[in-house]
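Please look over the structure shown below before reading on.

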Amino acid sequence: MSNPGTSNTASIESRAQLVEAIARGCKPQSEWKIGTEHEKFGFVLPHAADGREPLSPPPYEPRGIGALLEKLQGPDWAPIMDGENLIGLKGQNAQAGRAISLEPAGQFELSGAPVVSLQETEAEMQAHFDQVRGPAAELGLGFLPFGFQPLWTRDAMPWMPKSRYAIMRNYMPKVGSLGLDMMTRTCTVQVNLDFSDEADMARKMRVSLALQPVATALFANSPFVEGKANGLLSNRARIWTDTDNQRSGQPSVFFEDGFGFEQYVDWALDVPMYFVSRDGKNIDVAGCSFRRWLAGDVQEPLKGLTPTVGDFEDHLTTVFPDVRLKQFLEMRGADAGKLEMMVAQSALWVGLLYDPATLEAAEKLVREQPWSVYQQLRAEVPRLGLDAAFPGGLKPFAKRVVELAEQGLRARVRNEAGYLDPLHLIADGGPNQAQYWLDLYNGAWGQSVKPLFTEAAI
């Protein structure tokens, strides 16, 4: 369900083509799949005796992330190049449908294949960990799935040789104070889910967008910054509040009656662009308007270039609302974390969205409050988690949400409800991941975050 790139060179003649580019994702319920993506931080193993600083983030080279990609190449993994640089792997044969890619500071991402069951999701993630662990150890590297880099400063983070990231690196400070932190010091887990038609998409969008802050609270796993607790439970979520608000968050138009493919297209057309790809190269057009490009009202470097459907599909990969629409819906509100929690993230949304009766009940639940309540909640949960202010209490509300998800999973008759067990514990008052680590940090670890790189590593 990932979009590794596009080759649609058809010139854009009307908005209908852009709507169709999204509507092609409509599928009957019998064909709905689950696609899970997750990221993790690389670090130098403490026992790596080659002069590198223990726990430091590895560069692309030498003996870094680029070398790991080279080790993983083989019959099942074909190279993805950016110029002369190996920047990812495309799965084939036994790994068909999967991809390995690099986030800006070398965060290692698996984009999973579209699968039918959560059992397959769990097995895929575990197999990936098993596949990476050995080659990484040969390079003296380990990996930490965590929402925010817990130890190192922004300046200490490396940059991968990926041309689109150079464009974003230059542009981000112009539109927010935390964009470079988002790029280099955050890791997430997301699940990509299908829809049957426009109305189904709109219902799933409204429900899941309203509930992303609840997911953020349940999956909070980033309470440390530069070796210290910073008073937040999800620093990753806080980072998104001042990254680039034109392209992120919970846009009000998504909640409006009548929202559909056209309204999403119109919103995306007004989000500033990052780049345009031509002849295998990314051209920096950061800040330019796609809508004005369509109207011919542009200067260099867009002047003389004809916008294509493929350009628009590329543009859709550079907008970052909490729920993103492409030819499927991406749930983007959770921190990366323990394997069982990352699978639980997929289980939560599959349960809520894939059983029609449960989706209807979830929509009724979220409509008990105005949309503005959920938008305000997004601002508060990074610090307070399930203690954030909410009418009637956020913990009881989260408990109702998790119970609905269990109802939806039981309706699938796939023996999947057990994947929600960690969320039931949290909704019942137990600690989330961030609180669990904070208890260790303030107790047995003597206010050091370094044990995380052993205790939370894959």
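At what angle do helix α1 and helix α10 pack, and how far apart are their axes? In this predicted model, helix α1 (residues 15-23) packs against helix α10 (residues 309-316) at an angle of about 55 degrees, and their axes lie 10 Å apart.

**Packing of α1 and α10**

- The crossing of α1 and α10 is right-handed, and the contact is made by Q17, L18, A21 and I22 on the α1 side, together with V309, F312, E313 and L316 on the α10 side.
- Sorted by class, the contact of α1 with α10 comprises six nonpolar residues, one polar residue and one charged residue.

**Nonpolar cores**

- The largest nonpolar core has 115 residues, and those with the most contacts inside it are M205, Y264, L348, W349 and L352.
- When neighbours within four places in sequence are left aside, W349 is in contact with V191, L193, S208, L211, Q212, A215, M331 and Y354.
- In soluble globular proteins, nonpolar side chains tend to be buried together.

**Q345 and its surroundings**

- Q345 is placed in helix α11, which spans residues 339-353, and Q345 is buried, with a relative accessible area of 0%.
- Leaving aside neighbours within four places in sequence, the contacts of Q345 are V189, Q190, V191, F219, M331 and A334.

Notes:
Residues numbered from 1 in each chain as written. Predicted model: local features only at pLDDT ≥ 70, side-chain atom pairs only at ≥ 80, totals over all residues. Heavy atoms only, no water. Axes fitted to C-alpha atoms, helices over the stretch in contact; angles between N-to-C directions. Helix = DSSP H or I, 4+ residues; strand = E, 2+ residues; numbered from the N terminus. Left-handed = near helix turned anticlockwise from the far one by under 90°. Contact = heavy atoms within 4.5 Å. Nonpolar A, V, L, I, M, F, W, Y, C, P; charged D, E, K, R; others polar. Core = buried A, V, L, I, M, F, W, Y, C linked by side-chain atoms within 4.5 Å. Buried < 20%, exposed > 50% of the residue type's maximum accessible area, 1.4 Å probe, protein only.
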